[in-house]
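Work through the exercises below with the sequence and the structure at hand. Try each task before reading its solution.

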Amino acid sequence: MARKIFPSDFLWGGATAANQCEGAYASDGRGLSNVDTIPAGPDRMKVSRGELEMLSPQPGYTYPSHEAIDFYHHYKDDIALFAEMGFKCFRLSISWTRILPNGDDDTPNEEGLAFYQSVFEECRKYGIEPLVTIDHFDTPMALIKRYGGWRDRRMIEAFLKYCRVIFSRYKSLVKYWITFNEINMLLHMSYMGAGICFSEGEDKERVKYTAAHHELLASAQAVKLAHEMMPGCMVGCMLAAGQFYPYTCNPADIQDSIEKDRDNYFFTDIQARGEYPVWALKRMERAGISDLIAEGDAEVLRQGTVDFVSFSYYCSRCTTADPEIFAKHQRPGNAVFRAVENPYLKHTEWGWQIDPLGLRITANSLYDRYQKPLFVVENGLGANDTVEPDGSIHDSYRIEYLRQHLLALRDAINEDGIPVIGFTAWGCIDLVSASSGEMRKRYGMIYVDKDDSGQGTLRRIRKDSFYWYKGVIESDGASLDE
Ligand code: BGP
């Protein structure tokens, strides 16, 4: 029997985001961004959701993005470690305010441009393909103050200005682009995803869907621009994915799971198909917000469909239409998506349920829906690690998580025939957690010596998963069976 392996041109690698790893938040001309004012600690969620306004760093709070793991000064060593693992691809994001400190400056910041140029050249030196997220939870503070974030249509022009600068500078170095990270997250973490703070009594649904519409228009125009400026490039959308399962076979639960999935697919339906789905138009009509679609917008969306659909997958979700069952079984775990406990699944230390088969199920749903190549650009296990006295780190739990998910993905490719471009493991090097702001929620195959209080030498250490992942890549995934 032929061995089941991944395609030989599969883009194996790892993924990061600027605000979670770079640090150096005020160096070399970088301007302030929303992520720099999202504190660690108990107020983090309130600020991320836009319920507590914090437009500048406040005394008494710590802000993990300010130093993070200082990738800004360690990138050469870090990329060398990625190359040692055999990475074919490295996903990172550009910090908008390193390039345009106020979000829409006429003259870009050369030091910022030079930094990413050097990062990309370093990748290329090892034959690593950069996969660049243009906006990973990153809205320039100057634009938040001026426009109130993505609620204002003028954000689109600023975003396109930024795109023009980076496309023109990096066109020979970067082929794969993603417009917005987890675009659906703006419905849940509106400040983190779109720079929005809500004021008392305002119609939140209207604000969120207005911001969504603006990001979708910006995404479509960025795709079009990228195709014009960089013929042959590949531009994708990016969804925080994870299929909703009905809690029971009660048809009301099935309907509920469809509705919940639609909240997410709303974004990718438009980015992949170029138009609002009919049910979304109906929903907007009911909410009295159809007027936010202006004359000509439909044409813009039609002209900017993506080349591939990328997504993060950490877990599936389970839902019920019955409020009593919901209240009884609600999972405290993932603070972002409300869901009930799936009794068939175990969960991580942070309460995220573990469902490898769910990755295959989610990939099938996405491919059935769009028939576009898929790219798994985030997956991994956030866990506490222990450094042994001899300096080793035995993260067998992370290896097992990744192994099971990669086996499911391999089945999606081999058994279901789904074209998957690549897999970039989230936080291939330990970095700051987006939802909790912690360092101890580690995803990496490379350990970074830094704790939640900001202490540590920033030394990098290879974990057991480092050697394991290297073996997986070397064998095109055949070693997953060992
Ligand atoms: C996604 C984000 C990442 C990342 C990851 C893990 O939502 O795109 O930025 O951090 O989830 O989540 P967390 O860091 O909250 O564990």
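**Exercise 1.** Find which residues touch the most other members of the largest nonpolar core.

Solution. This is a predicted model. Step one: the largest nonpolar core holds 132 residues. Step two: within this core, F159, Y170, W177 and Y469 touch the most other members. Step three: helix α9 gives the most to this core, with twelve residues. Step four: another core lies apart from it and has 18 residues, including V35, I38, M189 and M192. As background, nonpolar side chains in soluble globular proteins tend to be buried together.

**Exercise 2.** Determine whether G236 is buried or exposed, and list what G236 touches beyond four places in sequence.

Solution. Step one: locate G236, which lies in strand β5. Step two: the relative accessible area of G236 is 0%. The cut-off for buried is under 20%, so G236 is buried. Step three: leaving out residues up to four places away in sequence, G236 touches W177, I178, T179, V306 and F308. Step four: take the list from the side of W177. Beyond its neighbours within four places, W177 is in contact with G236 and F308, and also with L131, V132 and Y170, among others. Step five: for a distance along the chain, take L345, which is 109 residues from G236. The C-alpha atoms of G236 and L345 are separated by 31 Å.

**Exercise 3.** Classify the packing of helices α14 and α15 by the angle at which their axes cross.

Solution. Step one: the axes of α14 (residues 356-370) and α15 (residues 396-414) come within 7 Å and cross at roughly 30 degrees. Step two: angles under 35 degrees count as roughly parallel, so α14 is roughly parallel to α15. Step three: α14 passes α15 in a right-handed crossing. Step four: the contact includes L357, R360 and A363 of α14 and H405, A408 and L409 of α15.

Definitions and conventions:
Residues are numbered from 1 along each chain as its sequence is written. This is a predicted model: local features need pLDDT of at least 70, side-chain atom pairs count only at pLDDT 80 or more; totals for chains, interfaces and linings use all residues. Side-chain values use heavy atoms; hydrogens and water are left out. A nonpolar core is a set of buried Ala, Val, Leu, Ile, Met, Phe, Trp, Tyr and Cys residues joined through side-chain atoms within 4.5 Å. Buried means under 20% relative accessible area, exposed over 50%, partly exposed in between (1.4 Å probe, protein chains only). Helices (H or I, at least four residues) and strands (E, at least two) are DSSP runs, numbered from the N terminus. Contact means heavy atoms within 4.5 Å. Axes are lines fitted to C-alpha atoms, for helices over the stretch in contact, and angles run from 0 to 180 degrees between N-to-C directions. Angles under 35 degrees count as roughly parallel, over 145 as roughly antiparallel, 65 to 115 as roughly perpendicular and the rest as oblique. A crossing is left-handed if the near helix is turned anticlockwise from the far one by less than a right angle, and right-handed if clockwise.
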